[in-house]
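Here is a quick briefing for anyone opening this entry for the first time. Have a look at the sequence and the structure, then read on.

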Protein chains: 2
Amino acid sequence: MNKLDQPWSDKLRKIDPYVAGEQPENDNILKLNANENPYPPSPKVEAAIRSLDFAKLNLYPDAGVSGLRSSLAAYYNVSKDEIFVGNGSDDVIALSFMAFFNSDKPILFPDVTYSFYKVWCSLFSTPYKTIPVNNIFRINPDEYKGPNGGVIIPNPNAPTSIGEGRDFIVKLLENNRDSIVIIDEAYVDFGDYSAVELIKEYKNLVIIHTFSKSRSMASFRIGIAIADKELIGVLEAVKNSYNSYAVSTISMTAAKASVEDEAYLKEATAKVIATRDKTIKRLEALGFKSLPSSTNFILTAHDRLAAKVIFEELKKLGIYVRYFNLPRVDNYLRITVGTDKDMDRLLEGLKKILGK
Amino acid sequence: MNKLDQPWSDKLRKIDPYVAGEQPENDNILKLNANENPYPPSPKVEAAIRSLDFAKLNLYPDAGVSGLRSSLAAYYNVSKDEIFVGNGSDDVIALSFMAFFNSDKPILFPDVTYSFYKVWCSLFSTPYKTIPVNNIFRINPDEYKGPNGGVIIPNPNAPTSIGEGRDFIVKLLENNRDSIVIIDEAYVDFGDYSAVELIKEYKNLVIIHTFSKSRSMASFRIGIAIADKELIGVLEAVKNSYNSYAVSTISMTAAKASVEDEAYLKEATAKVIATRDKTIKRLEALGFKSLPSSTNFILTAHDRLAAKVIFEELKKLGIYVRYFNLPRVDNYLRITVGTDKDMDRLLEGLKKILGK
């Protein structure tokens, strides 16, 4: 990546970064490649920002994110010291790697999963071992066993979209009494089991949530961790060793307004779920097989045309979906669920490409 | 910090975090302990936020921070690929440690300086060596020489408030041709030499600026690095290995409006400088000796009363200044320059404490 011909070049970090979905600037592009929510944030978010005292924005934010943490504690029915807030869930996970994965033994995660995990392992020199998902992309919790440096699994998993239930999580926790187990529930509001209730019983469990998906707040960068207060204390100490003021005042104010508008969250996620289930059926009629989704995206493969070809043809039509040039999923497309209208445009495009 | 009686306790990070100035919630408190600017951000910041399309805040921010970087490139007269933007300058420095300080040799910084540097060394296991400032708190660039893992110096230095000129920086760079030299110019807008012009000549020089001081935007979390494009490329790669979307859409929009309002910046900093210079004289009349300040704060010691006592007595009066229980500076107070009215209240308080 960098030239190595300078006297200081040996002191520079060599690393392959995470590559996010493209962010095209053209307004006519249909963006179904970053699992954003097609609906705007709650109107209460805008109202909260507009009523801010702008003359006070010269001051540092509350490093303890106290107001938002109080609202979150009430929402999740946990105590305030069981909540941590960071600059998006990627920040929270990165800090969690530094806080919880300090071992010579490898951490464990699925081979098909969020591709950032490997990047953090590289950044922090964290040893890891991937465990293959089975032929229908399911994770077996009994394969996450024995000495390890920690476990991190998204539930629902991405990009598979498959969610697992309470028994799965309990088994995983029972198998890993000596390590920190992180469940990354980025997509959980779209319809599957959340393990937040288990943090009282399993003091080694960390749940990660994001405001970027169900809450339509990707632009604000809010992610949270929910765990026993001892783990939250370690996460706070690491955060205060990295960047004490990680969350801007406007973002924490906006996030608080979102948390306090539960009805809007329910309504927006219900719309996405309904569109998703309809879209899976419509895709099937075109020869696509999709995995059972508990998320706001669909992982799907066509019975005839290669995923890469469809990806490129869709792009020509101004429709951006996600294609992973990675083992096991390289014949799948990951398609974010948009509005019904967005899905009409997607399906029209696919029909054209497939000559139907 | 954490109990060590759980089976996973050995995997938790043990670390002493940075401790920031207190953020009291009471409105009647005069906060002179975090070097915030007493004036609000440019009115154009508020206007830019109010005219945002809130319905689009469901989308991820531009990870490349393109619009703001273009404005910054024009402002600093550098090219866009010589600019990096992060989530406050603490984030930028933390990423810089990971990007540039990868050596078994110690990095060098002054013994009296920003206390976060040691915390990052601990977090990233970066070896370091501190070099004592002299008896009048000046840094000698000829003591920063010989094999090292890198150099980081604030200019002006904090908490000493002393700024050094072009010759100092050039000597430092000439002495360190084989390492990355970071100059943390957090306070430079309050009156001293900025080394941005030197990045063309010294391709191992990294300049850090913040929006939290002169731009009155601490709540927004914007920090930047300016350096040769190769170094910026490494910083980008590390950022994209930590948290790709580090800066919120609103913060980058607000920061862009601030950069484009140079007149406001000049006016606000001129007011702070005028108040600072008056305050140093008024303090002198009460028996305080202050270091020559090129910043928006004053490091000062009284000829009779201990700094810790004054700190505590001021607190009782609702006036928060910063006291460091650290070698060499434990008889000094660091006082942020507020408005003229703020300084009147401070001086009244001091007179009371000193019985004058």
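Predicted model: local features only at pLDDT ≥ 70, side-chain atom pairs only at ≥ 80, totals over all residues.

**H3 and its helix neighbours in chain A**

- On the H3(A) side, the contact is made by A:Leu95, A:Ser96, A:Met98 and A:Ala99. H6(A) answers with A:Val234, A:Leu235, A:Val238 and A:Lys239.
- Sorted by class, this contact of H3(A) with H6(A) has six nonpolar residues, one polar and one charged.
- H3(A) also packs against H4(A), at an angle of about 45 degrees and with the axes 10 Å apart. That makes H3(A) and H4(A) oblique to each other.
- The crossing of H3(A) past H4(A) is right-handed.
- Who meets whom here? H3(A) brings A:Asp90, A:Ile93, A:Ala94, A:Phe97 and A:Met98, while H4(A) brings A:Phe116, A:Trp120 and A:Phe124.
- The contact of H3(A) with H4(A) divides into seven nonpolar residues, no polar ones and one charged.
- A:Met98 turns up in both stories: it is listed in the contact with H6(A) and again in the one with H4(A).

**The seven-stranded sheet of chain A**

- Chain A has an open sheet of seven strands, and reading across it gives the order S2-S8-S7-S6-S5-S3-S4. The pairing in this sheet is mixed.

**Loop details worth a look in chain A**

- Two cis peptide bonds can be found: one joins A:Asn155 and A:Pro156, with omega about -5 degrees, and another joins A:Ala158 and A:Pro159, with omega about 5 degrees.
- Where do the prolines sit? A:Pro156 is in the loop between S5 (150-154) and H5 (166-174) of chain A, and A:Pro159 is likewise in the loop between S5 and H5.
- A:Ser216 is not a glycine, yet its phi is positive, at about 55 degrees. Look for A:Ser216 in the loop that links S7 and S8 of chain A.

**A four-stranded sheet, seen in chain B**

- In chain B, four strands make an open sheet with antiparallel pairing, in the order S9-S10-S13-S12.
- S9 (288-290) and S12 (322-323) of chain B are the edge strands, each pairing on one side only.
- S10 (residues 297-302) and S13 (residues 333-336) of chain B run antiparallel and are joined by four bridges. Opposite B:Leu299 you'll find B:Arg334 of S13(B).

**How the two chains meet**

- Chain A is superposed on chain B by a rotation of 180 degrees, with 0.0 Å of shift along the axis and an RMSD of 0.0 Å. The two copies are thus related as by a two-fold rotation axis.
- Which residue of chain A comes closest to the rotation axis? A:Arg50 does, with its C-alpha at 3.5 Å.
- Both copies use the same surface, as 100% of the contact residues of chain A recur in chain B.
- The contact takes 74 residues from chain A and 74 residues from chain B.
- H3 (89-100), H4 (116-124), H6 and H7 (249-259) of chain A each supply at least two residues of the side that touches chain B. The largest share, six residues, comes from H3(A).
- By class, that side of chain A has 37 nonpolar, 24 polar and 13 charged residues.

How values were computed
Residues numbered from 1 in each chain as written. Chains lettered and ligands numbered in written order. Pairing = 2+ DSSP bridges. Least-squares fit on C-alpha atoms with pLDDT ≥ 70 in both. Contact = placed C-beta atoms within 7 Å. Nonpolar A, V, L, I, M, F, W, Y, C, P; charged D, E, K, R; others polar. Axes fitted to C-alpha atoms, helices over the stretch in contact; angles between N-to-C directions. Parallel < 35°, antiparallel > 145°, perpendicular 65-115°, else oblique. Left-handed = near helix turned anticlockwise from the far one by under 90°.
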